[in-house]
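Visitor: Could we look at this one together? I'm new to reading structures.
Guide: Gladly; here is the chain.

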Amino acid sequence: MAQSVQTHSDPDLRPAGLRGVAADFGSDQRAFKTASWGKAMMWIFLLSDTFIFGCFLLSYMTARMSTPVAWPNPSEVFALHIAGENVPLILIAIMTFVLISSSGTMAMAVNFGYRRERGRTAALMLLTALLGGAFVGMQAFEWTKLISEGARPWGNPWGAAQFGSSFFMITGFHGTHVTIGVIFLIIVARKVWRGDLDTERRGFFTSRKGNYEAVEIMGLYWHFVDLVWVFIFAFFYLW
């Protein structure tokens, strides 16, 4: 007669007391055994990057709240002169829309990647890279405009000197992430288009046949970059 096997998955059969706490803690390690090396390393990288961006934003908020000099008004500093009128934050709004839209195209690329639809996956990744490139281009225009108006890392004509250093450090660090993401999106899209992920052609991101996980890993990175921009947009441009 078959006997039922007792496992710790049944809440009534788990060890009591401190042993139960240890068993619950240890059960989570099974989830990491099924994760690939690439995905685990990406999560670790994103966690470390979260601390860096968090420190930058905390430093920015500390500088802004502690300075005795008036902080520049973002609605005036980041306004564009269009048709004889100053339109506040119009460029920043377009940049945000473009980057958030790229997150949607990246999500669709991951979906089609796991369906093994190479053409659509590569096209959506290239579209994501194009949107990311447009974002970087608009950011370069924004930097050029502010520099021409006198903004520097050590000062600016609108108020507290810390504004310039905070702006160039935070947006520059994020823009570097976007630029790196665009480069790797193009690399992975080319491999998908050539069928490297199906033919097991040796190289970066193609060590296993039929492994479209490289697309998902790129998606994790890109969604993180988009999420960070939401916080930068809220704290730096709207505050």
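Visitor: Is Phe-163 buried or exposed?
Guide: Phe-163 counts as buried, because its relative accessibility is 1%, where buried means under 20% relative accessible area, exposed over 50% and partly exposed in between, with a 1.4 Å probe and protein chains only. Please keep in mind that this is a predicted model, in which local features need pLDDT of at least 70 and side-chain atom pairs count only at pLDDT 80 or more, while totals for chains, interfaces and linings use all residues. Residues are numbered from 1 along each chain as its sequence is written, and side-chain values use heavy atoms, with hydrogens and water left out.

Visitor: OK, and how do the rings of Phe-163 and Phe-167 pair up?
Guide: They are stacked, because their centres are 6.3 Å apart and their planes are at 10 degrees; rings of Phe, Tyr and Trp (its six-membered ring) pair if their centres lie within 6.5 Å, and planes under 30 degrees apart count as stacked, over 60 as edge-to-face and the rest as tilted. Both residues lie in helix α7, 4 residues apart, about one turn of the helix, and Phe-167 is buried as well, with a relative accessible area of 1%.

Visitor: Switching topic, how many helices and strands are there?
Guide: The chain has 9 helices and 2 strands, which are DSSP runs numbered from the N terminus (helices are H or I with at least four residues, strands E with at least two).

Visitor: And how much of the chain is buried?
Guide: Buried residues account for 41% of the 239 residues.
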